[in-house]
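The following note is meant for a colleague who is new to this structure.

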Amino acid sequence: MKVTSILGVRPQFVKSSVVSRELRKKHEEILIHTGQHYDYQMNKVFFEQLNIPEPDYLLDIGSGSHGYQTGEMLKKIEEVLVKEKPDIVLTYGDTNSTLAGALAASKLHIKTAHVESGLRSFDKSMPEEINRTVTDHCSDILFCPTMTAVENLKKEGIEENVYLTGDVMVDSLLYNREIAENKSTIINYLGIKSKGYLIATIHRASNTDNEENLKNIVDAFSELNETIIFPLHPRTEKFLKKYGLYDRLKSSVSLIQPLGFLEFIKLMDHAKMILTDSGGVQKEAYVLKVPCVTLRENTEWVETINDGWNVLVGADKERILETVNSFSPSLNTHCNRFGNGTASANIVSILK
Ligand code: UD1
């Protein structure tokens, strides 16, 4: 079987690394990298650390508006699919690269399979919500990480070829956790102590592109009496500078460049708490049993909330301060909600 996988951004590199390894034991895989993420620290370092094979096609789309990015990807992915004629196209997650891959394949009547299918935040102002919903509706095979995702699809009338596989990010996390512990020197390098610091990651458009929200977040972080390590996404850096907030944030937290996967896992594993607006990081925090405070009003990972290990605080300064200062979840309520590291093997066996 010939499978074409579409990648473009950091979390997709993480997810595909484990599926690719499984897939390539018996099948041919062609990798298309759209180039949505292109800086060394956003891109190449993941390929190096996770031993992801070199992409067969690098489309070099780069940054731009949603229409530009998705449109350019659609044209170029179509050209590759026409040439390669794969049996199946595999897409991951909810980014513009995911949407372009699923659309290109389905319009050519090539079977598409979506990994991380069925997730919903029910917030259509998020570009990711549009991307994942459309991708699910034009995919032929739907791989769901959780039962909630299976039920979401059912409510939208999608019941055929829906599989509960567990979560591929858990596979990747479990596979790399010990490697990260042994290899990464980030804790010593930063001069911090295990469980003596918080990590913050912010990159969601609703937080970065909105001046009031970004200011509230910077205000809250400046008032917290904690060591905060903040790996800075390029989008966030751009808007912090645009709104004149960069220097203030820099004086109260430890701003560092985006991290490779192994450094980031180790830093999460030893953190006292994680503050984030990322989807994947909420889940990784849960799996690592690190309390998570999510700077959004909704989440597609409701299980983390229901188990009491994640709290939604939006971009509200008082809610951020109050929660960080009082949050202490109990191990008794932590259930293993995202699978046990076999999602990639499940996916590949279903694809056969
Ligand atoms: C994208 C995804 C988001 C995912 C995130 C993972 C969409 C709509 N969003 O968001 O769902 O959670 O990736 O990180 O697909 N930039 C650089 N260098 C890079 C990449 C980006 O400088 O290597 C800058 C550019 O100024 C760009 C901005 O970051 O305009 C945003 O990048 P983009 O790929 O559009 O979206 P993300 O915010 O990374």
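How many nonpolar, polar and charged residues does the shell around the ligand have?

1. By class, the shell around the ligand holds five nonpolar, nine polar and six charged residues. Here Ala, Val, Leu, Ile, Met, Phe, Trp, Tyr, Cys and Pro count as nonpolar, Asp, Glu, Lys and Arg as charged, and the others, Gly among them, as polar.

2. This is a predicted model, in which local features need pLDDT of at least 70 and side-chain atom pairs count only at pLDDT 80 or more, while totals for chains, interfaces and linings use all residues. Residues are numbered from 1 along each chain as its sequence is written, and side-chain values use heavy atoms, with hydrogens and water left out.

3. The ligand is surrounded by 20 residues (a heavy atom within 4 Å). The closest are His37, Tyr38, Asn96, Glu128 and Arg235.

4. Because domain 1 (2–164) and domain 2 (175–333) both contribute residues to the shell, the ligand lies between them. The domain bounds come from an automatic or database domain assignment.

5. Helix α11 (234–242) is one of the elements that supply at least two residues of the shell, and α11 gives the most, with three. Helices are DSSP runs (H or I, at least four residues), numbered from the N terminus.

6. A polar side-chain atom of Gln36 is 2.9 Å from a ligand oxygen atom, and a polar side-chain atom of His233 is 2.9 Å from a ligand oxygen atom.

7. Residues lining the second largest pocket include Gln41, Tyr189 and Glu263.

Note on methods. Polar contact = N/O pair within 3.5 Å; in protein donor to acceptor, adjacent residues only side chain to side chain. 1 Å grid on protein atoms, 1.4 Å probe; cavity = no way out; pocket = protein on both sides within 12 Å on 5 of 7 lines; lining within 4 Å.
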